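The sequence and the structure come first.

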Amino acid sequence: MWEYTDKVKDHFMHPRNVGELKDANAVGETGSLNCGDALKLFLKVDENERIVDASFMTFGCASAVASSSALTEIVKGMTLDEAAKVTNGDIADYLGGLPKEKMHCSVMGKSALQKAIADYRGIQIMEKPGEMVCECFEVTDLEIIDAVKANGLETTEDVTNYLKAGGGCGKCLDRIEEVIASVKAEG
Amino acid sequence: MNVIYTDNNATTRVADEVIEEMLPFFGGFYGNPSSMHTFGDRVGKKIRQARQKVADLIHADPDEIIFTSCGTESDNSAVFSALNAYPDKKRIITSNVEHPAILNLFKYLRDKKGYDVVLVPVDKKGDLDLDLLYDSLSDDTAIVSLMWANNETGVIFPIPEIAEKVTEKGILFHTDAVQAAGKIPIDVRAAHVDMLSLSGHKIHAPKGIGVLYVKKGMKFFPYLIGGHQEKGRRGGTENTVSIIGLGKACELAAQQLPIMNTQVKELRDYLQSQLLEKIPSVSVNGDLENRLPNTLSIGFDAVEGESILLMLDKEGICASSGSACTSGSLDPSHVLMAMEVPFKSAHGTIRFSLSHYNTKEEMDHIVKTMVSAIETLRAMSPFWKDGKLV
Ligand code: FES
């Protein structure tokens, strides 16, 4: 069994802000049924770009639900500029930490948030820029580079914990290793 | 809170009768069964009786029973013995839904030792592709190892039929019967198997004790080389207390086999029909006919297994999930993937595995809890809207 903090358990058993937000004006969606987890984030943003309300719908494990719930609590009251700076580490910290194998749940939170902000601002996020590395979980080299840099990841296992990449058939593991090496080489 | 235990394919409660049988050998009777004194032989005699009871459960001869530390050791010993017996044969055959004790061993033998591994696939019901299996048998084959029953779905492979065909060709046949023992009748002689693995903790004996049956007259190469214990087929001082417990457990399992196939099966069927009736978008995984009487693998669309398990856990209900998130890997179980169970229900698959200790009241409580857990989780799932999958 995973060692979850009391805060994770609490946010799983009593998730805050569940459901569709009827008058949301920013929506961000990430993940898929195939992946095993997915998050749809709803934000209500006022004319000053302040997030006045947030809610979520999540398909996934306890960490996914808790991360989503935490995310909505964190961003409520923030301006979009502030929210844009929220990292997956902030979500995990808010919950008192997540098992390392479950860090991808917090990454999913961050990615849905960024998509919601982009949605509000009318910016088209180019779906998945970069070259596809892991086909099982649709993860690109740029995403891996970002995650490696932001979280100081060292091994393919770390990358799998954060992005799921490599956790399926495993045929992308060599390529992930190359990407990690390239980041290291850059210094 | 009372625990409702429906995770018997993971491990079982040690039966009271088994504990009682074991207790004296923790205390006063601590002799070494190999010693040349009456005090030690008291233990030796008990071990001989236990060996007989284990043999009786599978219709073997006591000489054909080797005590090991677990099912994994039995599986590994069987395969390595076969490879030693036929050092020139380079093909080994198994299925793609085996327990990791076989699957990972075969992958190791392929990747590190250069063996040509055939993984025979299963169909959507979890039944083995027999034509493909028979076509893959070659003069170069050292061993075929197939599980008797699957731990996740309970699907039973037709082992007697397969073993006959395989052994006719002079190829060694091993079966991992860890899940089948105590749930369906096993007769090693009628089934023509050369080697068979059992594990104590799946049949109400303690953890840490296993059995390898090795057919008389077969060349056997020990895996643990040491003293003369187990007729030199496995060195190391016997795990005496557990062996004694296992003997008792086998005796009980033989007696309870009819109960397993009536009462326990009825309970399982009741649980299954109630869940199907009360919850929409649900599917049972695996062959409904050729299935262990105690096992139910059932998938719920649009929800994820770990979340369900935690909600069951809150009510004291122990089950397992076929999903990834509980195991540390990310994809749903290799068994469900091999059966091409769609992702929508594979991630939300729960395995209930019953024993004769379960009651109808417990099943009712499980159903009630499942109805509310699935409702709660679907209410927050982005893939569930207006009572159906979107
Ligand atoms: S391609 Fe990355 S795990 Fe399959």
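**Packing around helix α9 of chain B**

Ser307(B), Ile308(B), Met311(B) and Leu312(B) of α9(B) are in contact with Thr369(B), Met370(B), Ala373(B), Ile374(B), Thr376(B) and Leu377(B) of α12(B). By class, the residues of this contact between α9(B) and α12(B) are seven nonpolar, three polar and no charged. The model is a predicted one.

*α9(B) with α12(B)*

- The two helices span residues 305-314 (α9) and 360-379 (α12) of chain B, and they pack at an angle of about 135° with their axes 10 Å apart.
- That angle makes α9(B) oblique to α12(B).
- The crossing of α9(B) and α12(B) is right-handed.

*α9(B) with α2(A)*

- Helix α2 of chain A, residues 62-75, packs with α9(B) at an angle of about 90°, and the axes are 7 Å apart.
- This makes α2(A) roughly perpendicular to α9(B), as angles of 65 to 115 degrees count as roughly perpendicular.
- The residues in the contact of α2(A) with α9(B) are three nonpolar, two polar and one charged.

**Nonpolar cores**

- The largest nonpolar core has 85 residues.
- Leu43(A), Leu275(B), Phe300(B), Phe352(B) and Met370(B) have the most contacts inside that core.
- Apart from this core lies another of 67 residues, including Ile47(B), Ile93(B), Phe173(B) and Val241(B).
- Leaving aside residues up to four places away in sequence, Leu43(A) touches Leu21(A), Ala24(A), Asn25(A), Ala26(A), Ile51(A), Asp53(A), Ala54(A), Val75(A), Leu113(A) and Ala116(A).
- In soluble globular proteins, nonpolar side chains tend to be buried together.

**A buried loop residue: Thr6(B)**

- Thr6(B) sits in the loop between β1 (4-5) and α1 (16-26) of chain B.
- Its relative accessibility is 0%, so Thr6(B) counts as buried.
- Setting aside residues up to four places away in sequence, Thr6(B) touches Ile317(B), Cys318(B), Ala319(B), Arg351(B), Phe352(B), Ser353(B), Leu354(B), Asn358(B), Met363(B) and Ile366(B).
- From C-alpha to C-alpha, Thr6(B) and Tyr30(B) are 35 Å apart in space, and they are 24 residues apart in sequence.

- Glu340(B) is not a glycine, yet its phi is positive, near 55°.
- Glu340(B) is placed in the loop between α10 (334-338) and α11 (343-346) of chain B.
- With a relative accessible area of 55%, Glu340(B) is exposed, since exposed means over 50%.
- Asp386(B), also not a glycine, has a positive phi of about 50°.
- The loop between β14 (384-385) and β15 (388-389) of chain B holds Asp386(B).
- Asp386(B) is exposed, at a relative accessible area of 70%.

**An exposed glycine: Gly187(A)**

- Gly187(A) is in the segment after α8 (173-186) of chain A.
- A relative accessible area of 93% makes Gly187(A) exposed.
- Gly187(A) and Asn161(A) are 26 residues apart along the chain, and their C-alpha atoms are separated by 22 Å.

Terms used: Residues numbered from 1 in each chain as written. Chains lettered and ligands numbered in written order. Predicted model: local features only at pLDDT ≥ 70, side-chain atom pairs only at ≥ 80, totals over all residues. Heavy atoms only, no water. Axes fitted to C-alpha atoms, helices over the stretch in contact; angles between N-to-C directions. Helix = DSSP H or I, 4+ residues; strand = E, 2+ residues; numbered from the N terminus. Parallel < 35°, antiparallel > 145°, perpendicular 65-115°, else oblique. Left-handed = near helix turned anticlockwise from the far one by under 90°. Contact = heavy atoms within 4.5 Å. Nonpolar A, V, L, I, M, F, W, Y, C, P; charged D, E, K, R; others polar. Core = buried A, V, L, I, M, F, W, Y, C linked by side-chain atoms within 4.5 Å. Buried < 20%, exposed > 50% of the residue type's maximum accessible area, 1.4 Å probe, protein only.
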